[in-house]
Amino acid sequence: MALLQISEPGHSPQPHQRKHAVGIDLGTTNSLVATVRSGMAEVLTDEQGRELLPSVAHYTADGVSCVGYEAAEHNVSDPLNTLASVKRLMGRGLADVKTFGDQLPYEFAADDGGMPKIKTVAGLVSPIQVSAEILRKLAGRAEISFGSMLDGAVITVPAYFDDAQRQATKDAATLAGIKVLRLLNEPTAAAIAYGLDQAEAEVQDGAEATSQERVIAIYDLGGGTFDISILRLSKGVFEVLATGGDSALGGDDFDHAIANWLRVQVGMDEDLNPIEQRILLETAKSAKEELTDSEHVELEILDWKGTLTRTLMHSLIDGLIDKTLRACKRSLRDAGLETLDISNVILVGGSTRTPRVGEKVAELFGRQPLCSLDPDKVVAMGAALQAEVLVGNKSGDDMLLLDVIPLSLGIETMGGLIEKIIHRNTTIPVAKAQEFTTFKDGQTAMAIHILQGERELASDCRSLSRFELRGIPPMVAGAAKIRVAYQVDADGLLSVSARELTSNVEARIEVRPSYGIGEEEITSMLQDSFSHARDDMQARALREQQVEADRMIEDLLAAIYKDGDALLSDDERRCLKVAIQELREVRESTIEHRVLARQIESVAKASEEFAARRMDASIKSALAGHSLDEIDKG
Amino acid sequence: MLKMNVVAAKASTFNRSGAGTRQVDDPVKLSSDFFEIFSIPVAWQVERSHLDAMYRKLQQEFHPDRYASKGAVEKRLAVQTASLINQAYDTLKSPLKRAQYLLELKQIDASQDSHITSDGAFLMQQIELREALSEAPDAADPFAALDGLRSGVESAYSQQQMDFQAEYQCDNYDDALNSVAKMQFSAKLLYEIEQLEADLEDQ
């Protein structure tokens with residue numbers, strides 16, 4: 001038998017093999033992929049040496065024809081089949097999308113209550129599928145660069161993304177066949193990329209470390225989203241204190257404001273065809289970029305000629321920037337801080353290139369923001385650094401991210417009101433439970449409606465999911481005790497269960513947001529997209545399960561060796577050994593990945609109690625092992 | 001089918017179910033209370049810097065990111081353990097939640113949204129404060145009006161905390177419960193002042 005390795009929590013039992021992990025910034029306008037080489041985060045380029053990948057996919061009757069720069073070239077000639085900015089549609093309903101007005105030139109399929117699908121010559125396309133195409137393209141870029149398969153990716157999302165938007169992003173990754181190590185909030189990724197934790201170490205090495213804690217504000221204005229996060233950095237721990245923003249406000253809105261001004265100047269009415277819309281937008285965008293360096297720009301559309309001055313552009317976009325500044329103030333308030341408490345302000349996102357943004361941010365915080373790293377690349381770089389830690393290549397002892405939930409999670413109560421169960425800006429992971437009761441005699445079922453948002457009325461919040469707890473024994477009103485438990489994991493994703501305590505009737509769901517797509521739909525999409533490569537898929541899935549089985553066998557043996565005497569009875573130990581042996585046999589004999597997955601699941605169940613005992617024991621020893629002094633010194 | 005609405009009957013914020021077998025989404029059960037998790041004595045006084053340091057130390061060890069390359073069971077347990085640590089930290093760092101929790105450890109449920117305090121003068125005063133809050137937006141300088149209101153409520157809040165400490169220390173739990181009820185009024189009012197101020201700033 002192989003020599004046993006003893007594994008400690010948090011350490012990989014197989015340190016010898018370097019794994020391939022990337023950070024992916026899945027942006028509204030552009031996306032990037034980065035990895036860590038020789039300790040440095042580095043953005044991976046395509047064969048032409050380009051770092052950005054425009055987040056655009058072009059569809060023909062046969063399906064996706066191209067992704068990225070090539071797809072973007074079809075913008076003007078074939079706007080209905082050139083899908084861009086789909087990040088704005090992720091996890092949204094048709095009603096949300098209508099509020100964008102004419103900003104997206106696509107035709108949407110009739111509302112079926114789910115995420116809107118776009119009508120293309122290739123049929124209906126979900127924003128998740130478009131995102132998956134972009135992710136697949138980036139993963140391909142990485143696999144070419146590594147010359148081998150990708151082991152996992154950290155994918156960034158705006159901090160302000162709600163559960164439905166996060167789930168949609170994760171679904172896109174699943175569809176692209178990418179293992180998600182973590183969904184990471186974009187501002188947090190940027191803070192990591194700036195290496196402020198190391199800068200802090202240098203300060204402490206100095207003769208007099210004035211303060212061990214620093215508070216950083218990250219202002220992230222992308223193409224379609226705005227985020228503000230307030231972070232406290234102390235001894236390598238990035239603790240998000242508050243986050244806020246607007247998941248439907250970005251630099252694209254600057255372009256639209258300018259385009260709208262252009263439309264009025266040119267004398268076009270509001271009813272534009274998609275090509276006219278594109279022309280106005282492209283002109284607006286290049287005008288905005290030119291005004292970065294010049295005071296005015298001469299414009300020409302059809303037979304109209306005119307001038308846009310920088311001052312005039314400011315008057316068009318200041319209202320939008322002010323909206324972001326109000327969100328900054330609100331987040332400061334949520335964090336219980338004032339602008340004076342902020343030691344650094346970081347600018348992230350391509351739209352912070354518009355100088356007016358930096359000016360107004362500097363004015364609000366009373367200090368010059370940091371922008372030494374390319375605002376387009378900084379998020380992907382930070383994600384790559386975190387991916388390196390999570391995949392197990394680098395001991396992460398010195399870095400930890402404690403993120404928060406951006407929007408409150410609640411439940412609908414009598415009268416269409418929302419009762420908040422987990423408040424926004426609560427550190428995740430988090431579990432909370434609340435007890436409810438029946439309001440009618442003999443009531444045997446209860447509808448549970450899960451919501452996210454800050455408003456008082458359920459109808460004003462995002463509906464995440466509905467489910468029913470049935471089979472409650474008939475009792476007088478108020479006698480039943482129904483415990484509804486919310487669990488949010490480190491990705492910010494929610495699962496909910498409900499249990500009637502007197503009878504133990506239970507209902508449990510993974511929250512699949514109503515705006516998302518079902519597990520079956522993902523499977524069928526996966527099969528569609530890989531139908532030509534099904535065997536590859538099978539082989540890949542089997543390989544993944546084999547790795548998982550090996551890891552599990554090794555971990556369990558190590559755990560039994562280390563803690564078996566203390567924590568297991570003879571019978572329990574024997575059962576586990578049998579389970580391990582069975583798993584080993586199945587691993588060697590089967591070529592069916594689902595069979596192996598089932599066996600792994602059954603061993604996981606059998607060893608769950610043991611794992612729980614080990615966790616309890618390790619908390620106790622973590623506590624016993626550290627004197628107060630030791631911890632204070634950290 | 002008749003749509004059944006959920007009725008909020010009892011708002012217990014603590015996830016410490018005493019019932020039955022381990023459920024996958026119950027927190028990891030520890031024999032210890034929240035104070036013990038942080039190796040500090042069960043008492044009203046909590047040294048914040050020490051609590052913060054302990055918190056970071058524990059999360060360094062048990063955060064799910066530390067288990068990213070582990071199996072599903074370990075990952076799930078890490079999520080639950082980290083959740084418990086977060087909940088304990090959240091409870092102990094807030095004066096109101098800490099006070100409620102101290103009483104809960106004495107089997108007194110102080111987590112109800114509004115305990116009716118029998119102190120008539122206090123209730124009158126609350127009504128007046130609420131009136132002042134609703135009138136603040138119309139004041140000549142609404143922000144100054146809110147600042148004035150806030151500093152009044154803040155000093156009342158610290159007095160209530162001192163009262164609680166004294167009552168709790170001499171096992172006078174009836175009065176301690178009453179002080180917690182008063183603290184709830186103050187905390188809620190402070191929150192509403194903040195909200196109103198944010199709304200006014202947004203306008």
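Leaving out residues up to four places away in sequence, A:Y219 touches A:I228, A:C328, A:V345, A:I346, A:L347, A:V348, A:T352, A:V361 and A:P369, where two residues are in contact if their C-beta atoms, placed from the backbone, lie within 7 Å. The structure is a predicted model, in which local features need pLDDT of at least 70 and side-chain atom pairs count only at pLDDT 80 or more, while totals for chains, interfaces and linings use all residues. Residues are numbered from 1 along each chain as its sequence is written, and chains are lettered from A and ligands numbered from 1 in the order in which they are written.

Together with A:A34 and A:L135, A:Y219 touches the most other members of the largest nonpolar core, a set of 201 residues. A second, separate core has eight residues, among them B:L149, B:V153, B:L189 and B:I193. A nonpolar core here is a set of buried Ala, Val, Leu, Ile, Met, Phe, Trp, Tyr and Cys residues joined through C-beta atoms within 7 Å; a residue is buried if 20 or more other C-beta atoms lie within 10 Å of its own, exposed if 12 or fewer, and partly exposed in between, with C-beta atoms placed from the backbone.

## Composition of the two chains

Chain A holds 16 helices and 26 strands, these being DSSP runs numbered from the N terminus (helices, H or I, of at least four residues; strands, E, of at least two). Of its 634 residues, 45% are buried, and 70% of its contacts with a separation of 6 or more join residues 24 or more positions apart.

Chain B has seven helices and one strand, and from the N terminus on its elements run β-α-α-α-α-α-α-α. Buried residues account for 37% of the 203 residues in chain B, and residues 24 or more positions apart supply 62% of the contacts in chain B with a separation of 6 or more.

Helix 11 of chain A (residues 378–390) has 13 residues and reaches 19 Å from its first C-alpha to its last, close to the 18 Å expected at 1.5 Å a residue; the expected span is 1.5 Å times one less than the number of residues. Because 13 of the 13 residues of helix 11 of chain A are buried, this helix is largely enclosed by the rest of the structure. Just after helix 11, A:G392 takes a positive phi of about 100°. Helix 3 of chain A (residues 127–146), with 20 residues, reaches 29 Å, close to the expected 28 Å, and just after helix 3 A:G147 has a positive phi of about 70°.

A:L241 lies in strand 14 of chain A (residues 237–246) and is buried, with 20 other C-beta atoms within 10 Å. Apart from its neighbours within four places in sequence, A:L241 is in contact with A:I230, A:L231, A:R232 and A:A335, and its C-alpha atom is separated by 9.7 Å from that of A:L337, 96 residues apart along the chain.

## Helix packing in chain B

The axes of helix 5 (residues 120–135) and helix 7 (residues 173–202) of chain B come within 11 Å and cross at roughly 5°, the axes being lines fitted to C-alpha atoms, for helices over the stretch in contact, with angles running from 0 to 180 degrees between N-to-C directions. Helix 5 and helix 7 of chain B are therefore roughly parallel to each other (angles under 35 degrees count as roughly parallel, over 145 as roughly antiparallel, 65 to 115 as roughly perpendicular and the rest as oblique). Helix 5 of chain B contributes B:F122, B:Q126, B:L129 and B:L133 to the contact, and helix 7 of chain B contributes B:K182, B:F185, B:L189, B:E192, B:I193 and B:L196. The residues of this contact divide into seven nonpolar, one polar and two charged, where Ala, Val, Leu, Ile, Met, Phe, Trp, Tyr, Cys and Pro count as nonpolar, Asp, Glu, Lys and Arg as charged, and the others, Gly among them, as polar.

B:R150, found in helix 6 of chain B (residues 142–169), touches B:L190 and B:I193, not counting residues up to four places away in sequence. B:R150 counts as partly exposed, with 17 C-beta neighbours inside 10 Å.

## Backbone exceptions

Most residues other than glycine have a negative phi, and most peptide bonds are trans. B:Q107, with a positive phi near 65°, lies in the loop between helix 4 (95–105) and helix 5 of chain B and counts as exposed, with 7 C-beta neighbours inside 10 Å.

The peptide bond from A:I428 to A:P429 is cis, with omega near 0°, and A:P429 is found in the loop between strand 20 (417–422) and strand 21 (430–437) of chain A.
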